[in-house]
Amino acid sequence: MASDRYAPRAALCGWTIGGRHEGGPQGERREEPGDEGELRLELSGAVAVLGIAGDGTVRLRAASGSALPALPETAVERGPWRPLAPRVHERKQGGLGVVSPGAPVSVEIDANPFALRVLDRTRHAVAELRDLRLDPEGAAQVALRVRAGERFFGFGEKRGGLDKRGERLRMRNRDGGGEAADPLYVSIPFFAVHRPHGEGAGDCGLLLESFGPSEFDVASRRDDAIAMQTATGGLDLMIFPGPLLRDVVERFTSRVGRSPLPPLWALGHHQSRYSYANERQVRELAAEIRSRRIPTDVVHLDIDYMDGFRVFTWDPKRFADPAALTKELREQGLRVVTIVDPGVKVDPDYAVYRSGREHDAFCRRRDGGEYSLRVWPGNAALPDFNRSEVRSWWAEQHRALLETGVSGVWNDMNEPAGWGADLRLGRTMLRLREQDVSDVVQSDPSDPERVVSHESVRNLYGLQHCRATRAALESFGREHRPFLLSRSGYAGVQRYAALWTGDNSSRWSHLGESIPMLLNLSLSGVPFCGADIGGYFGHCTPELYARWIQIGALYPFARTHSARGGRRQEPWRFGARVEAIARHALQLRMRLLPYLYGLFREAEETGAPVWRPLCWEFPDDPEAASVEDQLLLGPSLLVAPVVERGARRRDLYLPPGPWFSWHDGARYVGPRRLEVDAPLERLPLFARGGSVIPTRSPVAHVGETAAEPLVLEVFPGGESRGELVEDDGETSAYRGGVVARTALRLWDRAGGRLRLEIGRREGPYRIEERLLRVGIHGCAPPDSVFLDGTPVSRNEAPPGYGVEEGCVQVRLLDRGEGAAIEIEPAP
Ligand code: GLC
């Protein structure tokens, strides 16, 4: 995307409010839903509209000529864009001032050259745009002013560090396997600006909506600007004010959509390999998983389950009775997820291909011929998921697969990826990339009657594929809440699918990179994300696997996967010591499941990700903003993974407040740096003082009854309020309110006592009487322990308490009636 072909910087020539305007390429009239509340700006040789929504989101759309492209909302199932009616005045110094009563921001526009400032209520600049240039071919460019000290997070799935300052990033979905740097499989043209707090405006976020390629120069060529460019469709830029990162992400995700609560089983460990190639191997795998007590919930079947890589088929010899297989695995608490690529083998004897042709489902070349690309089955035709009837047709193809007892789907190769040609060199097959797609066309997602170049909507391909698959899972899935995993995506893909970061390698650097990569993906609206544990390509060493599974067990999406030809990566392939480490790591995940599940619920409600950078929770701490190799799992757990070969100690940073080592209960007070022992068996993990973390005793899979179904881990040193929400873990009944809610309130020092109030359980979801254990950490043996004001004695049976290694364990029977536990003296 060269910048020299751009028109000169735009200047403002006139303005009007509301009303209809011309749109579309043929000049047909289109009604713009937002017109009522938008300010229309006549620019030199171009047109723009500006809208401010009630939550403060500012949107600027601009295109060369006199017509704007249709709003993309309908194309990607977004809610309607409803800006408030603006009030406009001409400023004394020239240009315009725009306020929308009720919105927390206002806008100032300079006329020549055109520039735009979003101001917060104290008139600090939230965002400043300048250098708007629009090209008659549809390309657009604009720059965001950058100041010293600002950090730039997000940008979807990107390699490298957390702060993207100084980088140039491209958005064009492609197969990013091996050492490919940028772009990769997913394009999310969104980023957040994180600012030092206490001075000036708070944080903000920007979404450069474009389904075609786009580019960001993040203060690399010029250190005072982020230059943003789109290739087609003009400019459609949204600015989300903060003041905090959590506000930015809440606003961004309320626009593009949030990740629905996954079924509980999808939060367990997934075991995958390219490929478990027949029923016998799958049965052996399941038997090993269970006999070795490696907590696991899901087995993935990669492409070899199919008949000649024909999607929606089973190889009749290797998988003769898939329904029996899925049933048998299910009895062992294991679900099956199958890979489904979008490419349909071009084969006139294959029913899915024939049916696709009958439905005119496939992408075409400009000359009208069917487009096919080289991928696993040879030549494959690609469904055009931009049309709703094609999505319905695709969804229908899943019926038999899901009736076989498959619980979830793994959408791969959906950038779409393929290769230009196969080249056989002796026994080796070389796959020559990239395929030429310059003459491929698809339907316009905003207007399916129109045909547009594939390139101009390419970044949407994976998202639309997932949209179709999710519809299938919702209609035919035996499971009530779908699980879908995708490799490709665009902003908002989290509504349909979890993402994994594609084909990484068994290298220490890839382990380390997975931390900022998943944090940035999380901040880009995708909470349910993970990297292949152990690395996909190459030969993982025992030490690397041990370190990888330790942190991988705490990835929001935890899957071990490896490529054909590489060393096998089941957790027991690296010897007894590493097997024990893997078991322990996955047991920790199972213990934390109630907490993790609560974080996913929060992600659906507010967009807050499961993995958070330290500055998410500690916005006032400048040191926290610079930490790129640690993370917070929700508000209460800090993780400092070991990602260096041979390292047995780890230097880390603790933000302000008390922290407790998960390993030995040692108490530290931040802000401080700390060096801790990290033998191979240990992941440095800290709990935040003042938190109550719901856990349970570990199980082999989520369906197994836990010996201790609810254990509240209490870390003194602050006061907090929380809520434990429980449901069936499977169905969508929670959406209708079928949940059980328990309020949790921790008082640090109520009359000299530490006090935990467990509220009366509310809501229709029924829970049988159960044992409840409350572990209060960092506690010397207390003088007295009270339950609802009455002293309880030291004994094992409930109600009673015990003291072990600095932790007071209170046991009681939970009938949902609520309880208050007090420790005297307060620790
Ligand atoms: C792609 C996927 C990988 C999978 C392979 C075979 O490379 O990214 O996970 O194993 O295809 O289906």
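Modeller: Start with Asp 302: an N or O atom of its side chain sits 2.5 Å from an oxygen atom of the ligand. This is a predicted model, in which local features need pLDDT of at least 70, side-chain atom pairs count only at pLDDT 80 or more, and totals for chains, interfaces and linings use all residues. Residues are numbered from 1 along each chain as its sequence is written, and side-chain values use heavy atoms, with hydrogens and water left out.

Asp 412 also reaches the ligand, with a side-chain N or O atom 3.0 Å from a ligand oxygen. For His 561, a polar side-chain atom lies 2.9 Å from an oxygen atom of the ligand. Each is a polar contact (a pair of N or O atoms within 3.5 Å). On its own the ligand has 310 Å² of accessible area (Shrake-Rupley, 1.4 Å probe). The protein covers 97% of it.

The ligand is surrounded by 13 residues (a heavy atom within 4 Å). Asp 302, Asp 412, Arg 487, Asp 503 and Tyr 536 are the closest. The shell has eight nonpolar, one polar and four charged residues. Here Ala, Val, Leu, Ile, Met, Phe, Trp, Tyr, Cys and Pro are nonpolar, Asp, Glu, Lys and Arg are charged, and the others, Gly among them, are polar.

Now the helices (DSSP runs of H or I, at least four residues, numbered from the N terminus). Helix α8 (residues 508–523) packs against helix α9 (residues 542–552) at about 10 degrees, with the axes 10 Å apart. Axes are lines fitted to C-alpha atoms over the stretch in contact, and angles run from 0 to 180 degrees between N-to-C directions. So α8 is roughly parallel to α9 (under 35 degrees). On the α8 side, Trp 508, His 510, Leu 511 and Ile 515 make the contact (heavy atoms within 4.5 Å). From α9 come Glu 543, Leu 544, Arg 547, Trp 548 and Ile 551. That contact has six nonpolar, one polar and two charged residues.

α9 also packs against helix α10 (residues 576–591), at about 5 degrees with axes 8 Å apart. This pair is therefore roughly parallel too. Among the contact residues are Tyr 545 and Ile 549 of α9, with Ile 581 and Leu 586 of α10. By class, the contact of α9 with α10 has nine nonpolar, two polar and one charged.

Last, the backbone. Pro 798 and Pro 799 are joined by a cis peptide bond, omega about -5 degrees. The bond from Glu 824 to Pro 825 is cis as well, with omega near -5 degrees. Glu 77, a residue other than glycine, has a positive phi near 55 degrees.

Definitions and conventions. A polar contact is a pair of N or O atoms within 3.5 Å; within protein, one must be able to donate a hydrogen and the other to accept it, and residues adjacent in sequence count only if both atoms are side-chain atoms. Helices (H or I, at least four residues) and strands (E, at least two) are DSSP runs, numbered from the N terminus. Angles under 35 degrees count as roughly parallel, over 145 as roughly antiparallel, 65 to 115 as roughly perpendicular and the rest as oblique.
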